[in-house]
Amino acid sequence: MLPCTDTEAAKLAKRYAPRILFDRHEPFFPDRMGVTVFTQSGQSPSCRHVVHLKDDAEFAIEYAIWWDWDIQHLYELEHIWVYVSDAGEICRVEASAHGSLRQMVTSGGGLPVVDGQVCLYSEPGKHAFFANESEITERRPGLTANCGALAGKMDILVQTQFAEALGFLKPYDHWLARRYMVSKAFEPSFVFDNGFDLAGVKICSWPALQRYIPARLASVTEELRANHTGLKAVFLDSGDTLIDEGSEVKFNDLVLDAQLIPGTEELMRGLKERGVLVALVADGLVDSFDRVHGRLGLTKYFHARSISEAVGGEKPLRTMFDTAAEMLGLRPEDYGDVIMVGNNLSRDIAGANALGLRTAFIPWAPRRRKTPENALEQPDYIIETPDQLLAVLDTYS
């Protein structure tokens, strides 16, 4: 293999760079390529594919093509392999489609080469490569759904080779990415007249692209953070906020069973439908919440849990709120766009207000006082049942 930094390898990569036909409405285009030139058969450095030169090819060029975005997940890496004979002619083409390798052959049995240049079609929004337009258009319903109703459904893609380097990603980063992709949802035209010559993309070696990817993702997620305004998360207490403490069945301090407050199911479903990040911020034993929330079907709705037993202190301790924020990937400067919902003025409301969170008080149960004793206990919102929070969120600014 010749490294792409070699002058001749870079010239070969540009000379044989494919042309891609994108959908007329495509919002995302390649940003750069990591190129490897093979002069003998060998394992690809960037994916699981093995390059076989066979008898027809003198060398092969691997194009690892990078997009910042796929319509369903942040970042995309697809591949094209161009095999060249000793006469300098393109003799074989392979390309990737969602991780699988396919030979690129036209419906007439020939190579997808137009005027000496490889020419392939790219799926709308998803970017897998095909030699024939019909291979894409025959899957029109599924692709239309992927680019529309299903946009942003797969978070940030974290492949094994980048897992350690991308360890900084948190639920808030994934949430921001989903929101951005939803904003880019589109209806494909299935007219592939949007030509894109890969010769015009920045070319580097695969090792250079491999180093670039984590740094680029960090940069993109920071841009998303800087550009987002509005609600970032909801923190929820449990007892007499979601769960009726009067219905609890206990063994010593361990809660074995309890009933939901009316409106809790509607709240949790509504938060999920709105794509809101949700953290539990509650005092008690971890096992109590595992048992009761698990039985009542609440556990699946939480992206993070800050529980006093695990944290080592109870509300209004700052650490309770900071732990939830850190688990989600929020920072102190985000607190003004987080709403804490609770039934205890001194613990939930005062604790959150002291940190600059917004607060919603639910005076549902008779077990707690309902009148603030100082400014820190004054909530931003008062809701009578859990599901009334949804109306607050829908008017949030």
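This is a predicted model, and it holds 1 cavity of 30 Å³ or more. The largest cavity has a volume of about 40 Å³. Its lining is made up of Asp 240, Asn 343, Phe 361, Ile 362, Pro 363, Trp 364, Ala 365, Arg 367, Arg 368, Arg 369 and Lys 370. Sorted by class, the lining of the largest cavity has 5 nonpolar, 1 polar and 5 charged residues.

Now to the pockets. The table sets out their volumes.

| Pocket | Volume |
|---|---|
| Largest pocket | about 630 Å³ |
| Second largest pocket | about 510 Å³ |

In the largest pocket, 25 residues form the lining, and Trp 175, Lys 272, Arg 274, Gly 275 and Val 276 lie nearest the centre. The elements that give two or more residues to this lining are α4 (171–183), α6 (264–273) and α11 (389–394). The largest share comes from α4, with 4 residues. By class, the lining of the largest pocket splits into 11 nonpolar, 6 polar and 8 charged residues.

The second largest pocket is lined by 26 residues, and those nearest its centre are Gly 239, Glu 245, Glu 248, Asp 283 and Gly 284. Strands β16 (243–251) and β17 (254–260) each supply at least two residues of this lining, as do helices α7 (286–296) and α10 (345–353). Here the lining of the second largest pocket divides into 7 nonpolar, 8 polar and 11 charged residues.

Notes
Residues are numbered from 1 along each chain as its sequence is written. This is a predicted model: local features need pLDDT of at least 70, side-chain atom pairs count only at pLDDT 80 or more; totals for chains, interfaces and linings use all residues. Side-chain values use heavy atoms; hydrogens and water are left out. On a 1 Å grid over the protein atoms alone, a cavity is a set of points where a 1.4 Å probe fits but cannot get out, and a pocket is an open set with protein on both sides within 12 Å along at least five of seven lines; lining residues have an atom within 4 Å of a point. Grid points are joined across faces, edges and corners, and a volume is the space filled by probe spheres set on the points. Ala, Val, Leu, Ile, Met, Phe, Trp, Tyr, Cys and Pro count as nonpolar, Asp, Glu, Lys and Arg as charged, and the others, Gly among them, as polar.
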